[in-house]
Amino acid sequence: MTSFRRELHLVGTMADLARIGAFIEEACAQAHIDPAARFDLMMAVDEACSNIFEHAYNGLAGEVTLRFETRGRDVVITVRDHGRAFDPDGVPPPDMALPLEERPIGGLGLHLMRQLMDDISFTFSPEHGNILVMAKHGVAPVDPPTPTTGRRRSPARPKP
Amino acid sequence: MNLDISLYSIAIVVVRDRIDAFNAPELRSRLDQLLAEGITRFVLDLSDVPFLDSAGMAVLVNLLKRARSAEGDVRLVWPKREETQRILRLTKFDRVFKIAETQAAALKGF
């Protein structure tokens, strides 16, 4: 099974969100990720990094490492930072039943990440900082074409 | 001569960049300026917006709240990019904002 991995390491701020989006878009294209899923991955990573720059680093420049990889047919994205510990349980979920104009602004980013990705986990340790792992299932090709041939293969039949 | 003349100020704001947490404050500041000038009706044309995150959405909701509290309203023009449209539906923006296919259609409602 061919796997694919790309990493981006930067010391950045919100001004780097477009660059981060371009990195995910390019990795998706290179890994032949299902086009319908690419935007979801870009969006989830954008929201994750916005939260890091705003809350973990309080708007100051901070170190972020992004890893984009395929594991079988899944895309797994790992985002690491060394800012303030993030506690997802401390973020109240937006009350989606309330009319939008009555909802408090905020909390939507984390909600979107959970909506767009299949698995999401946050861990923090003083040694390694915040580690966010997000996965989206079944969006990578079964057997990516090799760069030498560029040959596309038919997708495998979905598992029952 | 018996004349009945009404003048309405409607701001048509065409956004052509991604709206993310970096540039959302700039958009908000420009919209705040318009509100401060007394404009309460807005058409935000998002047709060329390739990407919109929750910070951008917060700007739109904030504008809607403030415009409506001043008896105004906000109409949107759908982004051309299908994925961006899907995010607006996922967050139920299409139930709160009137979203039109074109600027002309958005203006018709006012």
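User: Two strands pair if DSSP finds at least two bridges between them; how many bridges join strand β2 (residues 41-45) of chain B to β3(B)?
Analyst: This is a predicted model, in which local features need pLDDT of at least 70 and side-chain atom pairs count only at pLDDT 80 or more, while totals for chains, interfaces and linings use all residues. Residues are numbered from 1 along each chain as its sequence is written, chains are lettered from A and ligands numbered from 1 in the order in which they are written, and side-chain values use heavy atoms, with hydrogens and water left out. Strands are DSSP runs of E with at least two residues, and helices are runs of H or I with at least four, both numbered from the N terminus. β2(B) and β3(B) run parallel, and the number of bridges joining them is five.

User: With which side chain does the side chain of Thr65(A) make a polar contact?
Analyst: Thr65(A) lies in strand β2 (residues 62-71) of chain A and counts as buried because its relative accessibility is 17%. Leaving out residues up to four places away in sequence, Thr65(A) touches (heavy atoms within 4.5 Å) several residues, including Glu7(A), Leu8(A) and Arg80(A). A polar contact is a pair of N or O atoms within 3.5 Å, where within protein one must be able to donate a hydrogen and the other to accept it, and residues adjacent in sequence count only if both atoms are side-chain atoms. At 2.8 Å, the partner side chain is that of His9(A).

User: Which residue of chain A meets Arg18(B) in a salt bridge?
Analyst: In the interface, 24 residues of chain A are in contact with 27 residues of chain B. A salt bridge places a side-chain nitrogen of Lys or Arg within 4 Å of a carboxyl oxygen of Asp or Glu, and the rule finds two across this interface. In one of them, at 3.1 Å from N to O, the side chain of Arg18(B) meets that of Asp46(A).

User: Which helix supplies the largest share of the side of chain A that touches chain B?
Analyst: Helices α1 (17-30), α2 (35-56) and α3 (108-116) of chain A each supply at least two residues of that side. The largest share, nine residues, comes from α2(A).

Methods:
Buried means under 20% relative accessible area, exposed over 50%, partly exposed in between (1.4 Å probe, protein chains only). Two strands pair if DSSP finds at least two bridges between them.
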